[in-house]
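Please look over the chain shown below.

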Amino acid sequence: MAEVSARTRHARELFAPLGPTYDRYASLLSLRQDPAWRRFLVSRVPADAVHVLDVASGTAAVAIELARALPARTVTGVDQSIEMLTAGSARVEQAGLEAQVELREARAESLPFGDAEFDALTFTYLLRYVDDPRATMHELVRVVRPGGVVAMLEFAVPRGVWRPLWELYVRAVLPAAGYVIAREWGEVGRFLGPSIRTFYEQWPLDALLELWREAGLADVRARRLSLGGGIVVWGVRK
C-alpha cells in the first residue's frame, strides 16, 4: 500500500474522534441541510443499480440510505478511518441492514476491487482530502460498469449575494459553534472553510466537471443545493 500522505493523515486524525457524534452534529452545523443533501445524492442512483460502492462512507449514512431505497440492493461502504467505520457498523446494525451493507477499510486512491465490479458508486466529501483528484477519479470510475452512475456530494461556495453570508458563517459562526460542542468539533469548524475555499480555487466547477469527463464519465450534471452551500455531481460511465 502506498504511503499515506500528510493531507490524508491530517483528515484521518481530524475526523477520527468524531464517529459517535458525527451524524448528529454534522446535521446541526450544516443548519440541518446535510441529511437532505444525502437523500438527493442517493436519488441520483437508479433502481437497477443493485450492487453499489459507497466511498468515504464514514458512519455509513449514505450506505444506509442506499440500502433502504431498494431492498434487493447490496452496498459496500469503504473508508480510511476505522473509527468512523466502527460507528458506521453500529448504525448499520441498529438499522437492521447487516444483510445488505458491508463496511470495509480502504482508501479511495487504491480500491481493492476489480474493474467494472459495481453498478454504481457514490462518494461524499472526498476530493478535498486526496492529493491527486484526477488519479482518484480515474480509480473510482474504474470499478463501475459501463452505463453505471457515479455520484458525488460535496460542500460548495455560494455565488452572488450569498457568498458574504457564507464567509461569515464559515469564518466565525461555524468554528464558534463547534467549540461549544467540543474542542474536536471546533477544530473541524476552523478547518472546513479554508478547505472548501481552497479546493474551489484549484478546481472551479467547470474544471471539476471536465475532470469527471476526462475520467470516463458522460452526461455529467451538477445541482447546487441550499443556496449553493452544497453540490451534487453525477455522471454515467462510458
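Helix 6 passes helix 9 in a right-handed crossing. Keep in mind that this is a predicted model. Two packed helices are described by the angle between their axes and the distance between the axes. Here, the axes of helix 6 (residues 133-142) and helix 9 (residues 205-214) come within 9 Å. They cross at roughly 45°. Helix 6 and helix 9 are therefore oblique to each other.

Which residues in helix 6 and helix 9 meet? Helix 6 brings Pro133, Arg134, Met137 and His138. Helix 9 brings Leu211, Trp212 and Glu214. By type, the residues of this contact divide into four nonpolar, one polar and two charged.

Now turn to a second pair. Helix 4 (residues 61-69) packs with helix 5 (residues 82-95) at an angle of about 25°, and their axes are 9 Å apart. Angles under 35 degrees count as roughly parallel. That makes helix 4 roughly parallel to helix 5. Their crossing is right-handed. Ala61, Ile64 and Arg68 of helix 4 make the contact with Arg91, Val92 and Ala95 of helix 5. These residues divide into four nonpolar, no polar and two charged.

The table sets out both pairs.

| Helix pair | Axis angle | Axis distance |
|---|---|---|
| Helix 6 and helix 9 | roughly 45° | within 9 Å |
| Helix 4 and helix 5 | about 25° | 9 Å |

The largest nonpolar core has 75 residues. Which of them touch the most other members? They are Leu53, Val55, Leu121, Phe123, Met137, Leu140 and Trp212. Met137 and Trp212 also take part in the meeting of helix 6 with helix 9.

Take Phe123 as an example. Set aside its neighbours within four places in sequence. Phe123 is then in contact with Leu41, Asp54, Val55, Met137, Leu140, Val150, Ala151, Met152, Leu153 and Trp212.

Leaving aside neighbours within four places in sequence, Thr136 is in contact with Ala108, Glu109, Leu126, Leu127 and Val130.

Finally, step back to the whole chain. Its secondary structure comes to nine helices and seven strands. Of its 238 residues, 53% are buried. Consider the contacts with a separation of 6 or more: residues 24 or more positions apart account for 72% of them.

Terms used. Residues are numbered from 1 along each chain as its sequence is written. This is a predicted model: local features need pLDDT of at least 70, side-chain atom pairs count only at pLDDT 80 or more; totals for chains, interfaces and linings use all residues. Side-chain values use heavy atoms; hydrogens and water are left out. Axes are lines fitted to C-alpha atoms, for helices over the stretch in contact, and angles run from 0 to 180 degrees between N-to-C directions. Helices (H or I, at least four residues) and strands (E, at least two) are DSSP runs, numbered from the N terminus. Angles under 35 degrees count as roughly parallel, over 145 as roughly antiparallel, 65 to 115 as roughly perpendicular and the rest as oblique. A crossing is left-handed if the near helix is turned anticlockwise from the far one by less than a right angle, and right-handed if clockwise. Contact means heavy atoms within 4.5 Å. Ala, Val, Leu, Ile, Met, Phe, Trp, Tyr, Cys and Pro count as nonpolar, Asp, Glu, Lys and Arg as charged, and the others, Gly among them, as polar. A nonpolar core is a set of buried Ala, Val, Leu, Ile, Met, Phe, Trp, Tyr and Cys residues joined through side-chain atoms within 4.5 Å. Buried means under 20% relative accessible area, exposed over 50%, partly exposed in between (1.4 Å probe, protein chains only).
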